[in-house]
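I opened the model and kept notes as I went. The entries follow in the order of looking.

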Amino acid sequence: MIDDKNHTSAEIVHWDEKYSTEIEVIDTQHKQLFELTNKLFTACREKKDVLETAFKDAMHHMVEYVRFHFNAELKLLHALNYPDYHNHKKQHDDLIHEILTVVKEHDEGKKFVPNNFVRTLRDWIFSHIAVHDKAYSFFIHDQIKTGKLSKDKLKEIEVSIAK
């Protein structure tokens, strides 16, 4: 999954246009998720005394951004009456639940391996974007091709969800 030619040792994920949904606001947010995942990975590589604070801070930013992004994505899908909306929402809810469970367990002193968690998160992001987000991208672009959705209307929705 990691393209070793295109990323530095400080990155666990690297944006590639093959992940593009061709929906500007979503791609911008996905790139931010990649950046935050790399920050978590970098935090995992810190010395033990710095790891706790750096990872906790990076995790906090990731949780907040994931919620923001998922909310924006679901607003888009709802506005377009995406037929697989409920399944997509469930996938988002499941990941948020998993992240919050890991954070809670960590806070309660349960053994936690940050590097393993970041790799799990990376795999989820890659597979979700590559499969499920691509599916709604195809749906949206098919709606445009068949005249059921205009590019102007899509842009209007993008502007409204970017806030």
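How many helices and how many strands does the chain have? I find five helices and zero strands, where helices (H or I, at least four residues) and strands (E, at least two) are DSSP runs numbered from the N terminus. Along the sequence I read the pattern α-α-α-α-α.

I note that this is a predicted model, in which local features need pLDDT of at least 70 and side-chain atom pairs count only at pLDDT 80 or more, while totals for chains, interfaces and linings use all residues. Residues are numbered from 1 along each chain as its sequence is written, and side-chain values use heavy atoms, with hydrogens and water left out.

I looked up helix 2 next. Helix 2 covers residues 48-79, 32 residues in total. From first C-alpha to last it reaches 46 Å, close to the 46 Å expected at 1.5 Å a residue (1.5 Å times one less than its number of residues). Just after helix 2, I see N81 with a positive phi of about 50°.

Then I checked overall dimensions. Along the principal axes, the C-alpha atoms fill a box of roughly 55 × 35 × 25 Å.

Last, I looked at burial and contacts. Buried residues (under 20% relative accessible area, 1.4 Å probe, protein chains only) make up 42% of the 163. Of contacts (heavy atoms within 4.5 Å) between residues at least 6 apart in sequence, 74% join residues at least 24 apart.

Key:
Buried means under 20% relative accessible area, exposed over 50%, partly exposed in between (1.4 Å probe, protein chains only).
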